[in-house]
Amino acid sequence: MTDAAFALSLRGVTKQFGSTVALDGAQFDVRAGTLHALLGENGAGKTTLMRLAFGMLRPDAGTIEAGGTARHWRSSADAIAAGIGMVHQHFLLVPAMTVAENVSLGDRGLFRGFDPRVAADRVRRIGAETGLVLDPAARVADLPVGAQQRLEIIKALARDAKILILDEPTAVLSAAESQELYSWLRSFVTRGCTAVLITHKVREALAIADDVTVLRRGRAVLSGRPRELAESAVIAAMIGSAATDEVQLPAAGSTAGVSVISLQHVSMTDGRGVHRLRDVSMEVCAGEIVGIAGVEGSGQHELLRVLAGRLAPDGGGVRLPARIGFVPEDRLRDALIPTMTLVENLALKEAGSARGSVRWTSYEARALGTIRKHDVHTSGVCSLASALSGGNQQKFVLGRELEGSPDALVVENPTRGLDIRATSRVLAELRSARASGVAVAMYSSDLDEVLSIADRMIVCFDGRATDTPVEADAVARALLGLS
């Protein structure tokens, strides 16, 4: 195949950050008019490779070609002008602005020429074409994380991208939303465009992609067509054949103890007058995992924050323990300050109750203990949170919230953006917390994942929470309000 047949090609690419080698002579060729899945463990170099392709970073060595032409990006603006768009896993949005304003921020020229009606029409047009429908006038800060993900995709499409790079785009989407996105991606490449999908979901990648490449330790170790690759071979390439036995999903099953969290007839209305919770009564007991499911906008996110003590309801009774850990789904917005060190981020856990001088030596020891216990890959406790891969950031947040054995733990999409081994480890951590008597409430947009570990299920629909059997069919019906 000639180089001109490749929409995107990176050859012999090397990138180093200090003493850390992120890419070591990586090669990545994407055929024009195809959907190419890029797989690998957290820290394998996937996002770094695609940031080079998008002009966010410059390679230390190697070449980048787009459409068979050598490229030397000065910035992402050059890549965008060449028809490359990238949807980032961690959103690049301005929360105080509307959907239409965020889409228009990347336009050339002065923002004072912004026309709200034209911008709104563009958002509606893209929504009609893709199924990624958003209210142009909605403020981004008020959007749930799934809607913010859709907005990032709309932003890229508004720049007329012909090569679209998506970094974990379905991490926070429901199964139905993911299928809609995949259907659109198929139509996108059918029109002659090209897409690169960074994902940890091996089975979905093999089902949807035309080609697959696996990165491991900064090198491409496997490439091919899905029909030619066995799932086991892809997993082995990702994590190493010697480690495949470590990847196991924890089984459900426990003996629940006393009630730790109790809600009685709780209701809540948001600032726009929308009823988010309606007469919700539920308990979470010691030594159990209560799974929570709900399609976007059903009230599950508000329910989780009430359970974690982060949101006060308008009415009803709430009984919470003194020590509650909380892992939100958007770690960079709600759990970490990227420009702070890991020590400082651990100290944030107690910022509201701490008094007197800060005992940094103690925090350093605790941060080191968290890093070691939860297998966080980092150069040290003084590393900035932004220097960690997404998976290692998530492991650190979970470890911080589990430190000191809290009475309850509330987790929201805890495996978002994690690879197979890290996902297995996180679910095992939750199972271990349950075994030690912690009351765990867990929401996941991946229904199979939450069903694999939950002892009881609560399904949210239209602000109401319903006890549902831990069965896929029963939960699916409840998600649609058919129970």
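Biologist: In which sense do E9 and strand E10 (residues 219-224) pair, and over how many bridges?

Modeller: This is a predicted model in which local features need pLDDT of at least 70 and side-chain atom pairs count only at pLDDT 80 or more, while totals for chains, interfaces and linings use all residues. Residues are numbered from 1 along each chain as its sequence is written, and side-chain values use heavy atoms, with hydrogens and water left out. Strands (E, at least two residues) and helices (H or I, at least four) are DSSP runs numbered from the N terminus, and two strands pair if DSSP finds at least two bridges between them. Thr 213 stands opposite Ser 223 in E10, and the pairing of E9 with E10 is antiparallel, over five bridges.

Biologist: Which residue stands opposite Thr 213 in E9?

Modeller: Strand E3 (residues 35-40) also pairs with E9, in the parallel sense and over five bridges. The residue opposite Thr 213 is Leu 38.

Biologist: Why is strand E9 (residues 211-216) largely enclosed by the rest of the structure?

Modeller: Buried means under 20% relative accessible area, with exposed over 50% and partly exposed in between (1.4 Å probe, protein chains only). Strand E9 is largely enclosed because, of its six residues, the number buried is five.

Biologist: Which element gives the largest share of the lining of the second largest pocket?

Modeller: A pocket is an open set of points on a 1 Å grid over the protein atoms alone, where a 1.4 Å probe fits, with protein on both sides within 12 Å along at least five of seven lines, and lining residues have an atom within 4 Å of a point. This pocket is lined by 48 residues, with His 301 and Arg 305 among those nearest its centre. The largest share, four residues, comes from H9.
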